[in-house]
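Let's walk through this structure together, one step at a time. Have the sequence and the 3D view ready.

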Amino acid sequence: MLQLDRLVLEEPGFRLEADLTLPKGARCAVLGPSGAGKSTLLNAIAGFVAPHSGRILWDGAEIGDLPPGQRPVTILFQDQNLFPHLTVERNLALGLSPDGRLDDAARARIVEALERTGLAGLGGRRPGQLSGGQQGRAALARALLRARPLLLLDEPFAALGPALKAEMLALVRAVAEETGATVLMVTHDPQDARRLEGLTMLVAEGRAHPPMPTEALFADPPPALSAYLGTG
Amino acid sequence: MAGRIGTLRPPVGAALVAALLGAMTLGTVAVVALHAGAAMPGAADWAAVRFTVTQAALSAVISGLLAVPVARALARRRFAGRGALITLMGAPFLLPVIVAVLGLLAIFGRAGVMNDGLAALGLPRLSIYGLHGVVLAHVFLNLPLATRMLLLGWQAIPAERFRLAQSLDLTPGAQFRHLEAPMLQATLPGAMLTVFTICLASFAVALTLGGGPAATTVELAIYQALRFDFAPGRAATLAMLQFALCLTALALGWSLIRDTGFGTGLGRRVEMPAPGGWRKGMDVAAITLAAGFLMLPLGALVIRGLTGMDDLPGGMWAATLRSVLVALATTVLVTGAALVLALAAGRRAAGHRLFDAAATLPLAASSLVIGTGLFLALRGVASPSAMALPVTIAVNATLALPYAYRLLLPEARALHQGHDRLAQALGLTRWARFRLVTLPCLARPLGFGAGITAALSMGDLGVITLFAAENNATLPLFIHGLMGSYRMEAAAAAALILMGISFALFALFDGIGRHASA
């Protein structure tokens, strides 16, 4: 269970409060207008932004003091998710061990992860030789190998077309099911939230609202969501 | 404020390097200052100051003004060998000064090509020694640098401006007034000030082509005071004068003298109209004369050196080995120190402004001032001769560091911005991060910086003159000794070997960097 306990994030001209819990294994879209603090919230959970006050807990243990790499978290950024000068295989090896060791056991697991994500045979390529969709798959393959309990997605598929994006979301669901991960995915597209088939957390007007089942939320949107969707 | 977490790691290594640099630059000056009160500057010392400023100003103005037509021609003309010529313009920076001097002597010296020509015409021979010789050598060494800096300026003019000028049908004169003159106003002072600063602290040229009451620079006077008069007090006073000169130049141009314009893509041709007629003739003349001025002395040196090859004096190979070891040790020190500083500055670690200042300070330092400080501080500890090579390595490393650092800094910044987040998210170990991310991404500027450092250190003829004895001379000092005993052909042959090793070291490290680059 992810718990944000009276968490406050502050930057000049920006403030976001969050006091909520997300059950283990949930898939939750983070929806809201740009500038509301969706990315900042994910970066705080991942350890790249220090909270002003409050606590971040995973399964009851505080993780807010851990360096990013030691949190129970895998995060995919909007871009720069792969080292461009390393092969896909090397990039994936970094998900298996932080010293980048690449032995036979690691190779076998990487081959398997590549097959699972539809990248069989592409381990020797560099990210620049892959399409945008394939790069997303490679990043998800590494998430599969890391198998951290929390998977944070900061719009990594924003640059993809609708069909590719749907494919990626299906793969996210598959990876999450396989690893049992709890997913938080930033998006500004209500369609993405629906495709995730889970919960939606609205981030607007300085507050991260507690997650609600997506369909129920859209069926009876609160004023802040109506304003965002333009249906109010 | 929701601060970035990753910047909190204290930069211990960078602080240590910055402290060492501070000790080598400001610390040695403090030692000098303690000893300087003993002797007030005399008439000869003030004459040295006047000569130093005069030759540096003349060298700067002549280099700057000659660079304008050359850079302009290179900017707007396209011809076979243009790229090679621009690359060649980078070479004098790596060329050991004593090699350049021997090349100039082969053309303009007493037995040089020019004087032979004058004699054949029944005219008196001209002497290269004195003010005009010093200025000639400085222009030879710095005209390419000034040209490259101005060429950068021309390339920085947006292509749209030239297109606009063409669509308005501006005459070449009007185009010069409206586009090129403002650019020159912005870049020419910086180029001249850079050359001025380099020439203020130039020692080897004055040592070989200057001398005597009328042509002694402050650096040369320091050397004479320590080496011949054994007057440490007077040397300290002179060193304070030299420091004041350098400090003034640095204060004038702290922001101007940093960018020496290598490493950037100079190959691109400026999208600038290339007018025909007499203007084309002027451009051809500028390029031909500049290329001739730069290549003929080295060509003459090669011919003279090849004839001297069968008469290589004993002791030369030992001196060569010492020089190579000094160059390699300097390169290791500089590459490590520059990397540590650039990584700390690149991630904006605490104190990064101080690190940046520490890495810039040596640009205003002079070999002989640092040498005097070390000489005074260490004279009770060991004999000068025993310290010669370690001191030379330390001083060479200090003086070469700014170049290696400036090459790394932009790349280190890009590396941090591009990959720091991901490396942290994956929790990479320090070693894995260094081996898999830092090294492959920085290999190219690291190799290039190491190459420059190795070449500069290989050819250095500065502080070694204060400390070395006959039995532990480096190759440049050994060549200077040959010149002193008028064995010019042997000197030319040894200079040829020195030049070959300097360029080979540069090519080696630069090649390693390119090869290892991601």
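Helices here are DSSP runs of H or I with at least four residues, strands are E runs of at least two, and both are numbered from the N terminus. In residues 320-509 of chain B, the end C-alpha atoms are 19 Å apart, with 82% helix and 0% strand. An unreviewed UniProt entry lists both spans under "domain: ABC transmembrane type-1"; such annotations may be inferred rather than shown by experiment.

What you see is a predicted model, where local features need pLDDT of at least 70, side-chain atom pairs count only at pLDDT 80 or more, and totals for chains, interfaces and linings use all residues. Residues are numbered from 1 along each chain as its sequence is written, chains are lettered from A and ligands numbered from 1 in the order written, and side-chain values use heavy atoms, leaving out hydrogens and water.

Now look at how chain B is divided: domain 1 covers 12-41 + 311-518, and domain 2 covers 42-257 + 273-307. These bounds come from an automatic or database domain assignment. Their contact (heavy atoms within 4.5 Å) takes 50 residues from domain 1 of chain B and 48 residues from domain 2 of chain B.

How many salt bridges link domain 1 of chain B and domain 2 of chain B? The count is zero, where a salt bridge is a side-chain nitrogen of Lys or Arg within 4 Å of a carboxyl oxygen of Asp or Glu.
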